[in-house]
Amino acid sequence: MKIIGAIAALPLALCGLGMAHAETIKVGVVLPYSGPNSDLGDQIDKAYDLYVKLHAKDLGDHKIELIKRDEGPASGANARTVVTELITNDKVKLLAGFVFSPSAIAAAPLATQAKMPMLISNAGTAWITNLSPYIVRFSFSMWDPAYQMGTYAATKFGCKTAAGGFTDFPPGQVSMLAFKTAFEKAGGKVVDEVRMGSPGPVPDFTPFFQRVKDEHPDCFYVFVPSGSHAGGVMKTYGDLGMRQAGIRLIGPMDLIPDYQLAHMSDAAIGLVVVSSYSDDYDTPINNEFVEAWHAAYGPDSYPDFESAAGMDTMAAIFHVINTLHGNLDDGAKVVDTLKGWKHDGPRGPITIDPETRDVIQDEHVEEVIKKPDGKLGVKVLETFPQVKDECKVLKVGRCGS
Amino acid sequence: MPPVVNTIVSILFDGLAWAMFLFIISVGLSVTMGLMGVVNLAHGAFAMAGGYLVLTATASWGVPFLASLIIAFLVVGCASVIFERTLYSELYGASELDQVLLTIGLAFMAIATYTYFYGPLPKAIHVPAYLSGELHLGARSFPTYRVFLIVVGAALVGVLWYGFERTNIGAKIRAAVDNRRMAQSIGINVDRLFTLTFAVGSGLAALGGGLSIQLLGLTPSFAVIYLVFFLLVVAVGGSGSMWGTLAAALVLGICDTAGKYLFADAGSFAIYAVAVLILLIKPAGLYGRE
């Protein structure tokens with residue numbers, strides 16, 4: 001007993017002597033670890049672990065402990081429970097993760113109530129950052145790619161008409177609205193908006209796509225949750241011969257997550273998306289990142305835009321820990337530290353907008369090509385530098401509140 | 001082709017392909033349920049296992065796609081016998097709750113096992129060139145893979161029809177579904193029959209799982225996410241009947257496709273509305289016994 005007491009008293013004694021104040025910072029990680037969309041959680045989980053592994057020494061005497069909990073299904077039904085547990089039982093100092101918008105929406109009031117910083121690594125529904133002053137987003141707003149795509153399709157592709165197909169939940173609705181807003185502003189006309197079922201199991205996309213094919217739009221804008229849905233979209237597009245019918249498939253980056261692109265058939269060649277990341281980007285930081293990823297997870301595992309956002313999220317957490325010397329008790333202070341934070345990550349330069357707490361980053365128009373080694377990759381056609389969430393700039397719907 | 005005809009052809013064609021997928025997987029579930037009254041919620045797990053076998057065979061062992069489908073049918077069919085003899089045989093006469101708990105438990109264990117070995121990422125398959133692209137038939141073209149799916153489904157209907165209606169074993173199965181005690185009393189070994197139908201049903205599920213990768217992709221959770229469709233087909237068709245399963249698969253498959261095509265906003269609901277309607281009129285299913 002005496003010995004244990006002595007050991008327990010040791011850190012206190014060291015503090016008293018004016019040594020470095022070493023803290024173990026608990027971070028609650030909320031990602032889908034089970035169910036049909038657990039691949040999305042996996043991409044971010046691997047990024048968090050990789051960053052911690054590569055940069056653990058940057059924290060000096062402090063240590064970081066990731067407490068991982070299952071976000072559960074895309075409906076967000078599990079999120080409140082696990083976030084409550086993390087805050088009250090595990091006493092975490094930060095929350096990070098959130099793949100699905102419904103989860104982030106459900107957890108937002110808890111973040112406000114507990115003054116708990118909530119760092120989002122994916123969930124892209126535009127107005128989520130308005131739901132709590134403790135939310136900081138590192139991934140994107142669905143408006144970022146969709147709005148740019150709308151403008152680009154109408155002006156550069158010369159599409160006069162477009163049809164949209166989207167998975168019927170908040171990010172899908174937001175993505176469709178953003179595309180439509182920009183496309184019609186640039187003189188195009190959206191002829192149909194097809195709701196394509198829930199984000200759970202992958203539906204048979206054929207009826208939806210056949211309907212669009214029969215309408216003969218110039219462009220077909222598709223939003224589906226990244227992951228298993230994307231493969232289905234590409235197959236159906238190829239099988240129905242929509243390209244041969246003169247219908248151009250466009251969308252946000254969720255259509256070609258890098259780890260899926262490797263398995264897609266040649267039907268994907270020529271597809272154009274707007275994205276903030278591809279593992280093909282030839283920058284020193286990204287090359288180093290991709291190399292470290294393959295070294296850690298094998299040559300068949302590829303990082304994607306989610307992983308890139310995951311790396312930046314963890315970099316932000318490290319920044320906060322070092323800036324505040326390990327004392328993260330004041331949630332508001334943590335968020336203030338992140339406002340205006342600038343960072344060079346795998347995606348390139350990003351900034352956290354001090355007003356909206358949303359990320360500002362470059363968006364790239366990318367075309368899927370066959371690389372010289374026979375694999376599918378992307379070629380950047382155009383870059384929109386430092387894109388802000390247009391939804392909050394224009395104050396559309398809930399983005400204005 | 002006038003647009004209206006074109007639309008109808010589209011719906012019928014896609015609906016038929018979807019119906020064949022539902023039929024191939026559900027028919028085994030229906031017959032085993034009718035025969036022994038065992039509710040096998042792990043049926044989707046056999047389909048998932050078949051899918052992964054096809055995937056491994058084509059991608060890693062270099063087996064041709066069609067041959068790998070046959071391998072999946074045989075291997076999963078044989079493996080299912082082990083489960084039937086060791087686990088399911090304990091369930092005959094057990095309460096429905098026990099059956100549901102054990103079989104859904106098996107499904108979750110299967111998901112965890114396959115996630116461990118294959119990871120949670122969705123897998124895609126590269127089908128041979130002669131099955132991809134479009135097939136030009138008369139005035140319009142159809143996706144080749146779906147034509148293939150319909151042909152396979154139709155061939156299976158023929159084989160199963162022959163098996164059920166024209167063979168001795170088929171007659172015994174029908175007799176046992178009609179009245180198990182009477183069948184046993186005239187010397188039919190219903191346990192053996194059940195093992196056989198269970199193996200064939202699981203094998204067909206595996207075949208369906210392999211065929212569906214091209215349409216739906218494959219993740220370990222395949223075992224449960226499409227289960228509700230299979231159960232719906234069995235409920236609407238009436239358990240124990242091959243014709244009932246076929247009729248239900250056709251009605252639900254075509255209505256589902258039509259609903260999604262014509263009323264995309266609410267279309268995903270059509271399949272449930274039709275199922276509820278049919279069960280209100282015929283509570284035991286289209287071919288079920290009251």
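**A tour from sheet to core**

Begin by selecting Ile25(A), whose bridge partner in S2(A) is Ile64(A). This is a predicted model, in which local features need pLDDT of at least 70 and side-chain atom pairs count only at pLDDT 80 or more, while totals for chains, interfaces and linings use all residues. Residues are numbered from 1 along each chain as its sequence is written, and chains are lettered from A and ligands numbered from 1 in the order in which they are written.

Next, select strand S1 (residues 24-31) of chain A together with S2(A), and you will find that they pair in the parallel sense over 8 bridges. Strands (E, at least two residues) and helices (H or I, at least four) are DSSP runs, numbered from the N terminus, and two strands pair if DSSP finds at least two bridges between them.

Move on to helix H8 (residues 228-239) of chain A, which has 12 residues. Because 12 of the 12 residues of H8(A) are buried, this helix is largely enclosed by the rest of the structure; a residue is buried if 20 or more other C-beta atoms lie within 10 Å of its own, exposed if 12 or fewer, and partly exposed in between. Just after H8(A), select Gly241(A), which takes a positive phi of about 60 degrees.

Finally, turn to the largest nonpolar core, of 222 residues, in which Leu95(A) and Leu252(B) touch the most other members. A nonpolar core is a set of buried Ala, Val, Leu, Ile, Met, Phe, Trp, Tyr and Cys residues joined through C-beta atoms within 7 Å. The largest share of this core, 18 residues, comes from helix H1 (residues 3-36) of chain B. If you select Leu252(B) and leave aside its neighbours within four places in sequence, its contacts include Leu22(B), Leu232(B) and Ile271(B).

Conventions: The expected span of a helix is 1.5 Å times one less than its number of residues. Two residues are in contact if their C-beta atoms, placed from the backbone, lie within 7 Å.
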